[in-house]
There are 2 protein chains.
Amino acid sequence: MNLRELSAHLGLSQTTVSRALNGYPDVALETRRRVAEAAERFGYRPNASARRLATGRAHALGVAFPVDQNLLLDPHYIEFIAGLAGRAGEAGLDLMVSATRRNESEVYRRLARTRGIDATILSGPMIEDGRIDLLRSIGLPFVVHGRTGGVPDYAFLDIDNRATFRQAAQLLVDLGHRVIGAVNGDPVMAFAYERRLGWEEALTASGLTADPTLCLGGPMTEENGYRFARQLLERSPRPTGILCASVLSALGAYRAVRDLGLRVGRDVSIVAHDDGLPFIPPETMDPPMTVTRSPIRIGGERAAELALGLIAGRPVSELQQVLPFDLIYRASTAAPRSLARTV
Amino acid sequence: MNLRELSAHLGLSQTTVSRALNGYPDVALETRRRVAEAAERFGYRPNASARRLATGRAHALGVAFPVDQNLLLDPHYIEFIAGLAGRAGEAGLDLMVSATRRNESEVYRRLARTRGIDATILSGPMIEDGRIDLLRSIGLPFVVHGRTGGVPDYAFLDIDNRATFRQAAQLLVDLGHRVIGAVNGDPVMAFAYERRLGWEEALTASGLTADPTLCLGGPMTEENGYRFARQLLERSPRPTGILCASVLSALGAYRAVRDLGLRVGRDVSIVAHDDGLPFIPPETMDPPMTVTRSPIRIGGERAAELALGLIAGRPVSELQQVLPFDLIYRASTAAPRSLARTV
DNA sequence: CTGAAAGCGCTTACAG
DNA sequence: CTGAAAGCGCTTACAG
C-alpha cells in the first residue's frame with residue numbers, strides 16, 4: 001500500500017492525504033480523521049527512501065563503528081549506543097551504523113555525500129583529534145561524546161572527567177592515604193588526560209607529590225587493569241590507594257591485589273569510575289567497590305537529544321552539556337592499614 | 001555534485017554515466033575511464049535515497065536492538081553486531097539499528113513496510129519464538145543467529161550448542177568427576193536448551209545421573225554466575241565440576257569458588273563456553289580457564305554473508321551453516337581431589 | 001555504444 | 001480546505 005493507492009481508496013488527492021498524515025494545518029478535521037483511520041487500517045507506512053528523497057532529510061543518525069580497534073568497541077561504547085538508539089528511535093529516527101577499520105574519515109565523507117544521515121555522533125575524542133576538523137570541513141553536523149581541551153565550539157556532552165578523579169583521589173587522601181596510584185584510560189584519549197589532571201590536582205592540593213610514574217594508562221580492559229595495578233603494587237613504597245578508570249580495569253586490579261596475597265579495602269583501597277555497565281555491577285564485587293558513577297547510557301540518550309537539536313537548527317552554544325556523577329562509598333576504600341593500627 | 005551535474009560536465013547523458021559507474025556492459029572503455037576519473041575527482045557519490053527509490057533495494061541490513069531487556073544487550077550480542085556491521089560494510093551495505101523495547105514485532109512490521117532494509121538478522125531465538133513466524137508472514141527476508149528445534153526451514157547460522165556442553169561434560173567425566181553441575185543460559189533460549197541436552201547426554205552416556213536440579217539457568221551475567229555456582233557448591237555432595245555457558249558467568253563462578261575458600265582447578269573444575277569477548281580473555285583468568293571456543297564475531301560475519309545470499313535470491317537450503325568450535329584445555333580443569341590423592 | 005524518457009513514492013509551493 | 005503538478009536524484013527498459 002503506497003500513498004497513491006491509499007489516496008485513491010479515500011477518493012482524495014495525494015497532496016491532501018500526505019498533509020493530513022504529516023499533521024499540516026489546513027486539513028478539515030473530518031478529513032484528517034478519515035485519513036488516519038484508513039492509514040491505520042491498511043497499515044500504511046510511507047516509503048522511507050521516497051520521503052528522504054523528497055524532503056532531503058535522512059531521518060537517521062549515524063555512527064562510525066570501529067570494528068578493528070578494540071579501543072572503542074568495548075562495553076562502554078555499546079551502552080552508549082544503546083542509549084543513542086533508544087532515544088533516536090523514540091524520535092522516529094533510525095540509527096545507521098557504519099563499520100570502520102582505520103578508515104573513519106572515509107566513512108564520514110561517504111555518509112556526508114550520500115546524504116544517508118542527518119547528523120553523526122563522534123565518540124572517544126582524542127587530545128588531538130583530526131576527525132572534528134574533518135566533520136566541520138565536510139559540513140556533516142555532529143555531536144561529540146566527550147570533548148577536547150579548551151572551550152569547544154561544537155555540540156558535545158561529557159562528564160567532568162577531571163572532577164571524577166579529583167574527588168576519588170581526594171577521598172583517599174581524606175582517609176589518610178599518602179601514596180596513590182592511578183590505572184587510567186589510554187593516554188591519547190581526552191578523557192584520560194582530564195582524569196590524570198584531576199588525580200594530580202587532588203594530590204598537589206594536599207601537599208602530596210603526584211609522581212607521574214604512578215599514573216599508568218592504556219585501554220580499559222581487565223588485562224590492562226591487572227598489569228598496571230600489579231606494576232604499581234610491586235613498587236616501594238607500595239601505593240595504598242589506586243584509582244581505576246573503569247570497572248573493567250578495576251576487575252583486573254582486584255585480581256592483582258589478590259595475586260599478591262593482599263586484600264582490597266584492608267591493604268589497598270580502590271576507587272573506580274563506573275559507567276553503569278549492566279553486567280558488572282560494582283556493588284556485587286568482593287568487596288563492593290567505591291565508585292564515581294555516571295551511566296554512559298544516559299550519555300547516549302542525551303547525545304541523541306543534542307543531535308535532534310542540531311538538526312532542528314538550534315545554536316551550538318545551547319547544545320553543550322556536562323552530565324553529573326555521584327560518588328558512592330563502599331567497602332573497597334578504608335583508612336590505610338598503618339594508620340588504622342595507630343588509631 | 002549529483003548525477004546531472006556530473007553528466008553535464010562530461011557532456012554525456014545521465015544514462016551513460018550511471019551505466020559506466022555501475023559497471024554495466026555496453027559502455028566504451030574510454031568512456032568508462034573518463035567517467036570514473038571525473039567521479040573520483042569530484043568525489044561524486046550517488047544519493048542513497050534516490051538509488052534506493054529507483055532500485056527498490058535498500059542496500060541495508062537491519063537488526064532490532066533490544067535496549068531494555070538486558071537479555072540480549074550484552075557483550076555477546078555486541079561482538080556479533082561488530083562482525084555483522086564489518087562484513088556488511090565490506091559488501092557496501094549499511095546496518096540499520098532499530099531500538100526496540102518489548103515491541104520487536106512492531107519494529108519488524110515498520111521496517112518491512114518502510115522498505116528501509118533488505119533483510120534482517122534475528123538474534124537469540126527462544127525455544128518457541130513467534131518472531132520467526134511473524135517475519136515469514138510479513139515477507140521480510142531474515143537470517144536467524146541460532147535456531148529453534150528440529151530442522152529449520154529458514155536461513156540460519158549457529159554452532160552445535162549441544163556438542164559444546166557434551167564435550168565439556170565429557171572432559172570432566174574423563175578426568176574422573178562424578179558430580180557435575182551446569183550454570184546455563186536462560187532456559188527460554190534455544191541455545192540453552194541444547195546445551196542442557198548436551199550436558200545430560202554426556203552424563204547419562206557414562207552411567208551418571210543428570211540430576212535436573214544440578215543444571216541452573218538464567219541470563220549470563222557475572223552476578224548470576226556467582227549466584228548459581230554458589231548454589232551448586234553449597235549442595236551435598238558438592239559438585240567437583242561445573243560447566244558455564246559464558247566467560248561472564250564463569251567470572252562469577254570463580255568468585256563463588258573463592259568465597260567458599262576453595263580453589264578453581266584444585267577443588268572445583270570449571271569449563272566455560274567462550275564466545276571470544278575481547279575484554280575477558282579466559283587465558284588470563286586465575287587460573288587460566290578451559291573452554292569450548294567459537295568467536296561470536298565470526299558468527300556475525302557469516303550472518304552478513306548469509307543475508308547477502310538471501311538478497312541475491314539463493315535458496316534457503318544453501319544458507320544454513322553450523323560453525324565449528326575448539327575445546328581448549330587449561331588449568332581450570334583437573335582430576336577431582338579425592339581421585340588425585342589416590343593416584 | 002549512447003541517449004531520451006518514464007518511473008520509483010513521496011513532499012510542497014502554488015493556484016483556486 | 002483541496003488538488004494538479006513539479007521535483008527530489010537516481011535506474012532502466014527501450015529505441016536507435
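**Sheet architecture and chain pairing in the predicted model**

In chain A, strand β6 (residues 180-184) and strand β8 (residues 241-244) pair in the parallel sense over four bridges. Within this pairing, A:I180 has A:G241 of β8(A) as its bridge partner. The model described here is predicted. Both strands belong to an open sheet of six strands in chain A, with the order β7-β6-β8-β9-β10-β12 and mixed pairing. Strands β7 (215-217) and β12 (326-328) of chain A form the edges, each pairing on one side only. From one strand to the next, the twist averages 15°.

Two helices of chain A lie across this sheet.

In the interface, 42 residues of chain B are in contact with 42 residues of chain A. On the side of chain B that touches chain A, two or more residues come from each of α4 (48-55), α5 (75-90), β2 (94-100), α6 (104-114), α10 (222-233) and α11 (247-259) of chain B. The residues of this side comprise 19 nonpolar, eleven polar and twelve charged. Of the interface residues of chain B, 100% are also interface residues in chain A, so the copies meet through the same surface.

Strand pairing also links the chains: β2 (residues 94-100) of chain A and β2(B) pair in the antiparallel sense over three bridges. Here A:M96 has B:M96 in β2(B) as its bridge partner.

Key:
Residues are numbered from 1 along each chain as its sequence is written. Chains are lettered from A and ligands numbered from 1 in the order in which they are written. This is a predicted model: local features need pLDDT of at least 70, side-chain atom pairs count only at pLDDT 80 or more; totals for chains, interfaces and linings use all residues. Two residues are in contact if their C-beta atoms, placed from the backbone, lie within 7 Å. Ala, Val, Leu, Ile, Met, Phe, Trp, Tyr, Cys and Pro count as nonpolar, Asp, Glu, Lys and Arg as charged, and the others, Gly among them, as polar. Two strands pair if DSSP finds at least two bridges between them. Axes are lines fitted to C-alpha atoms, for helices over the stretch in contact, and angles run from 0 to 180 degrees between N-to-C directions.
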